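Reader: Please take one part of this structure and go through it closely. I would like to know how it is placed and what it touches.

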Amino acid sequence: MRFELDGEQSLLQQSLRELLEKESSLEQSRPLMESSAEGYSKSFYRQLASLGYLGIGVPEDRGGAGAGYVALAAALHAMGRVALPGPILDLLEAIEVLRRLPGEEARRWCDRALAGDALVCLAHREPHSAREASPRTRIDPATGSIAGRKVFVPFGASADALIVTTDRGLAIAPRPDAGWDARPLETVDHAQRFADVTLAGPAVELAEGEDARCAVEGAERVGALDAAAFLLGMMERVLEMSVAYLKDRRAFGVPIGSFQALQHRAADMLLYTENTRAAVYRAAWSCDCDPESAALQVAAAKAYAGDAARFVCREGIQVFGGVGFTWEYDLHIFYKRTKMLEEFHGSTRDQLEQLLRVQGI
Amino acid sequence: MSLVVIDYEIVGGSDSPQGRTRAALDLRFSDAERAFRDEVRLWFETHLARPWSAELGDPSNTEDQLVAIRRSFQRSLCDAGYLGLDWPRQFGGQDRSIVDRVIFQEEFVRADAPPLPNFIGIQIFGPALIHHGSDAQRERFIPPMLRADEIWCQGFSEPSAGSDLAALRCAAVPDGDDYRITGQKVWTTMGPWADWTFLLARTDPEDRYGGITFFLLPLDQPGIEVRPLRQLTGDAEFGEMFLDGALARREHIVGRIGEGWKIANTVLAYERGVYEIEGPARNDRFLADLVRGLRESGALAYDDVRQRLARLFAENEAIRAAGLRMLAALSNGETPGEEASIQKLNWSEYARRQAEVAFDLLGDQAHLRRRGSGASVGVDWVYEHLFSLSGPIAGGSSEIQRNIIAKRALGLPTR
């Protein structure tokens, strides 16, 4: 029994950490989040793709590295440390859908996404519909045209193609030359770009019925694992920043970290971070080696990570006091991303329900 | 700065045996460990006449009878070779691994077996003897402790020395080669049934830490009186111990004069980590009972009820994962540090929340006492709820654990 990364996994994590600190530190990425249309560096994403970081968990016969989910979690863990902006989680989830589907069309888009040639995202939320309800978006298989409306579509205004859940299954809709009718949605996380998209135009069916459902379910599980690992990285970073500040900042003639009230907050932050670390890597290991328990472990890890990150990122702001509430300091970047990830990539609510259902409760 | 307990950035896995991939993250139990689990499970199935909850539910069982049941069950576990599993054979142990010990503990709580009457002795005193005792002391004390022929209680806390244990005042005065102990101890778990106590007393009033020595005393002697102390659960498992010139023999000092503080701390830190590592397995049983109750009442259909219930499951899984990580580290020869304090906070704070949620969700059904009621199955949530209030206090309070984490794991300054 061992609970450690192996040599290759830690090497991968270490090189990615160095790359992120060099090319996508918050100092570099924050201006893009705040003022560019896309909110992130497309060239850095192309670099991630060319170095193979988008295909870590993808089997080799589908163009990935086949390095497994523990390696994937280690990578997302590193990305969370810099709160990497952009569609990283959306893109990885879309790749997970595509790589599970048969057919030339899925393979072609999967290859393009892995190569960094195309941004593909999953569009499945519809206005006013319960999660279980079948989508109202319709595809006409005869004419290959799609019609419907999707909300909270990640990077919906700029994606090159959307994987759309339809009344029949899954379709891929390449962005028309004139673009979709996409209304940007302003949300809590100003780095995230969501759109309300009214779909019209050509689309190609990827899968129907059960095949489509299985592909989405499998991809959503990996998406939840990725988000949990990303949350872990953010918590780790916020804790490090907070501890450094507690040692540095002085009040009443002493470092504020000597006050027990603050020490106890920091101790709880460490507890939540370490429990999340254990839960995330155990869930990743289940996905690799113990598939029967993977659904349970991923649901538990994502739900726990969401609650834990909420606590850690909130306490981080509190520890910093007034400057923690400023736009200038980075604390709010982590806090807002946490709020976003509590709801998207498997909301805490859905993960908790899933946790009971997989046990027959 | 490294904040992580097991640093994912540092660890490599190059020493893997050939023919296997270099999978350093491996949470599987080995074939031998799985076989051991099966064996233990079967043993409980064949040897445990009634689960502990049924004994507690039986109105004809008095408190003394319940202790007698615990004593005889511990004896049969000892005779079957299941106690002292990870202790060296030469000291009365079984020379097995820490993983086997945890497997045994998980099966123990899964079977709802009677709690060991000597759990304090086995968890704290045993390791102290193994790490710091003399061969003569090990030979004399370990076998009867494991067989429950001698029950041990702990004499650490005093009325004015709880979290600040080093403020203890219980005095040890030389008397020839031996010592005479005078003072008062409190929160003495199993005190009313104990035969011996392992006790910290002051051999030097000037030296706060270096003036404390670790003594062993038989309770059946003039100069020691143990009075039961009723807890808010209604039980009197606790006691107060009054010592007035009680005799502690020279050969019954563990370690050297003045080493008591060091011994107590290393042992407490070690035990804090392993202790309750089986907690999530126990919680599985509590959660199953909670689900059954909610299903019967129909409350399981409500979303808000399901969400609160599921949060317990999520948290229990995260704590189980943290325990597995610690077990993996222990089984690879690492010494637990601050993880032990995280572990203590994890199980004790979780148990309190779980009992609160059970009361909130089960409603009036949680208020019914099952103990002594003749009900043969089911968790007595009244007891569990009330007892859960002790977890964050006993064995180093939550506040003390957070102090330890802040200072030792995070390196925050002291004042």
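**A helix between domains and chains**

Author: In this predicted model, the centres of domain 1 and domain 3 of chain A, taken over C-alpha atoms, are separated by 20 Å. On the side of domain 1 of chain A, 21 residues take part in the contact, and domain 3 of chain A brings 28 residues to it. Two elements of chain A give two or more residues each to the domain 1 side of this contact: H4 and helix H5 (88-99). Of the elements there, H4(A) gives the most, with 10 residues. By residue class, the domain 1 side that touches domain 3 of chain A divides into 13 nonpolar, four polar and four charged residues. The bounds behind this description come from the domain assignment of chain A, which gives domain 1 as 7-115, domain 2 as 120-207 and domain 3 as 212-357.

H4(A) is the part to look at closely. Helix H4 of chain A covers residues 69-81, 13 residues in total. From its first C-alpha to its last it reaches 18 Å, close to the 18 Å expected at 1.5 Å a residue. Just after H4(A), the backbone at Ala83(A) takes a positive phi of about 45°.

The other chain also comes into the picture. Between the two chains, 46 residues of chain A are in contact with 52 residues of chain B. H4 of chain A is among the elements that each supply at least two residues of the side that touches chain B; the others include helix H1 (7-23), helix H7 (209-248) and helix H11 (348-357) of chain A. The largest share of that side of chain A comes from H8(A), with 14 residues. In residue classes, the side of chain A that touches chain B divides into 25 nonpolar, 11 polar and 10 charged residues.

E1(A) pairs with strand E4 (residues 161-165) of chain A in the parallel sense, over four bridges. Within that pairing, Leu122(A) has Ile163(A) of E4(A) as its bridge partner.

Key: Residues numbered from 1 in each chain as written. Chains lettered and ligands numbered in written order. Predicted model: local features only at pLDDT ≥ 70, side-chain atom pairs only at ≥ 80, totals over all residues. Expected span 1.5 Å × (residues − 1). Pairing = 2+ DSSP bridges. Domains from an automatic or database assignment. Contact = placed C-beta atoms within 7 Å. Nonpolar A, V, L, I, M, F, W, Y, C, P; charged D, E, K, R; others polar.
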